[in-house]
Amino acid sequence: PTAREPGPGTDYATDDPFTSARTDWWRQDRFGMFIHFGAYSQLEGEYRRADGTVCRDAEWIKRNCQIPMSEYEDAAQDFNPSSFDAKAVVKAAKDAGQRYIVITSKHHDGYAMWPTKQNTWNLRDHSSFDQRRDILAELKSAADAAGIKLGFYYSIWDWHDPDFADPATFPRYEKRMYAQLKELVDSYHPALLWFDGEWDADNPTNRWSAQDGERLQSYLHGLDPDLITNNRVGKRRVVDGDYGTPEQEIPDAPVDGQLWESCMTLNGHWGFAKYDQDWKSPTTLTRNLLDIAGRGGNYLLNVGPDKLGRVPQPSVDRLREIGSWLRTSGQGRAVYGAGATGLVDEPSWGAVSRSGDRLYASVTSWPAAGQPLHLTAKAPFTVTGARVLGSGQRVEVAKAGDGFDLTPSGGPADDIASVIELTVKPVP
Ligand code: FHN
């Protein structure tokens, strides 16, 4: 493989993701869109067996519904996501206030969403889609035009490649995997690679090791020194990529020694499942983002386009509402470029994040008139200013016990969360 020279000053032995210029955008942006889209989307979550019974699942439908490979391949042959509109997807992300997108280039079913040259199990060669189209290229140019970063999810685990499961043939698979990743990096210049399927606890045939992950990681850095990778490039929960990836959960406090990103679904599934209308509310989703930012993490919120490539309307609606909260009265300052405070404990009445000399207290339980919100200090600091974003409402600040009492003079500014901006000065 041809490797580019490492970027000036990039020494991966000492490069610290917490401070590296390479990860700067990722640490600032905080909020991204995950997209699960692949051959499984064609089934829209339902598989009708020969005996008439219906089995339901989303991106795991092949395995969990035990669909014979030939039948799954037949379904993929009909896959024609002709309504996939990269500009509309990017607009939905932009409207949500999401600043990066991570789309499945290949999920566990092994189906590549770009015209890979390593096999024909891909959207160009095995589908009913317009052969001139390349949705990853379309997404890349729409994202570039909108100033949004694009990354690719890539599953190491592969249900389709016959060489994957046998240790004797695994090196052949691995060679193709390296070649596919090189295609992705060279053709689309992704800002990050999001690996998955590296585990072997529940998959004994997957012998992927931490060392395999390290080798892959350094190969990728040779291809693009600026590339960011998640931790699933090696063994999960061993921090060998740039950041940890709690899934469907939010750590209940800042995580020591690790950048992290919580990935979560909007309903109960990653891939499109037509029967799942159990959508989380915009209030819950926005508050999740605030909790995550205050604990120093990122939020990767998933959409699963349908078989035609359309993002479900309930997803678009919810994303728009989160974005509208972020755009209102500069409330987005509580998220973008903000992180764990290091100064206060997380209060029961909301979330607090910090950006430089500002604390953003996002209040989800507004106090009754005249009642204070207590902030417990865990390091000494003084407060020189306080106001509610949007209303400009006066907030009285008084030293009290182990911290400060903040007493607003009126009602909440926002039903989802009202943000009190405090100007603070740590006491050395
Ligand atoms: O099995 C996958 C699942 O389908 C989905 O892609 C999630 C997203 O983080 N990751 C895996 C499970 O850890």
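## Ligand site

Around the ligand there are 14 residues, and those that come nearest are His 36, Glu 59, His 108, Asp 196 and Glu 247. The model described here is a predicted one. Sorted by class, the shell around the ligand holds six nonpolar, three polar and five charged residues.

For Glu 59, an N or O atom in the side chain is 2.5 Å from a ligand oxygen. His 36 places a polar side-chain atom 2.7 Å from an oxygen atom of the ligand. For Tyr 153, the distance from a polar side-chain atom to a ligand oxygen is 3.4 Å. The ligand taken alone exposes 330 Å², and the protein buries 93% of that area.

## Arg 133 and its contacts

Arg 133 sits in the loop that lies between strand S4 (100-106) and helix H5 (135-146). Its side chain has two partners to describe here.

One is a backbone atom: the side chain of Arg 133 reaches the backbone oxygen of Ser 82 at 3.2 Å. The other is a side chain: Arg 133 makes a polar contact with the side chain of Glu 138, at 2.9 Å.

## Packing of H4 and H5

Two packed helices are described by the angle between their axes and by the distance between the axes. Helix H4, residues 86-96, packs with H5 at an angle of about 40°, and the two axes are 8 Å apart.

## Packing of H6 and H7

Helix H6 covers residues 170-188 and helix H7 covers residues 210-223; they pack with their axes 11 Å apart, at an angle of about 30°. Because angles under 35 degrees count as roughly parallel, H6 is roughly parallel to H7. H6 passes H7 in a right-handed crossing.

## Packing of H8 and H9

Helix H8 is made up of residues 282-294 and helix H9 of residues 313-327. The axes of H8 and H9 come within 9 Å and cross at roughly 50°. H8 and H9 are therefore oblique to each other. The crossing in which H8 passes H9 is right-handed.

Note on methods: Residues are numbered from 1 along each chain as its sequence is written. This is a predicted model: local features need pLDDT of at least 70, side-chain atom pairs count only at pLDDT 80 or more; totals for chains, interfaces and linings use all residues. Side-chain values use heavy atoms; hydrogens and water are left out. A residue is near a molecule or strand if one of its heavy atoms lies within 4 Å of it. A polar contact is a pair of N or O atoms within 3.5 Å; within protein, one must be able to donate a hydrogen and the other to accept it, and residues adjacent in sequence count only if both atoms are side-chain atoms. Accessible areas come from the Shrake-Rupley method with a 1.4 Å probe; for residues, only the protein chains shown count as cover. Ala, Val, Leu, Ile, Met, Phe, Trp, Tyr, Cys and Pro count as nonpolar, Asp, Glu, Lys and Arg as charged, and the others, Gly among them, as polar. Axes are lines fitted to C-alpha atoms, for helices over the stretch in contact, and angles run from 0 to 180 degrees between N-to-C directions. Helices (H or I, at least four residues) and strands (E, at least two) are DSSP runs, numbered from the N terminus. Angles under 35 degrees count as roughly parallel, over 145 as roughly antiparallel, 65 to 115 as roughly perpendicular and the rest as oblique. A crossing is left-handed if the near helix is turned anticlockwise from the far one by less than a right angle, and right-handed if clockwise.
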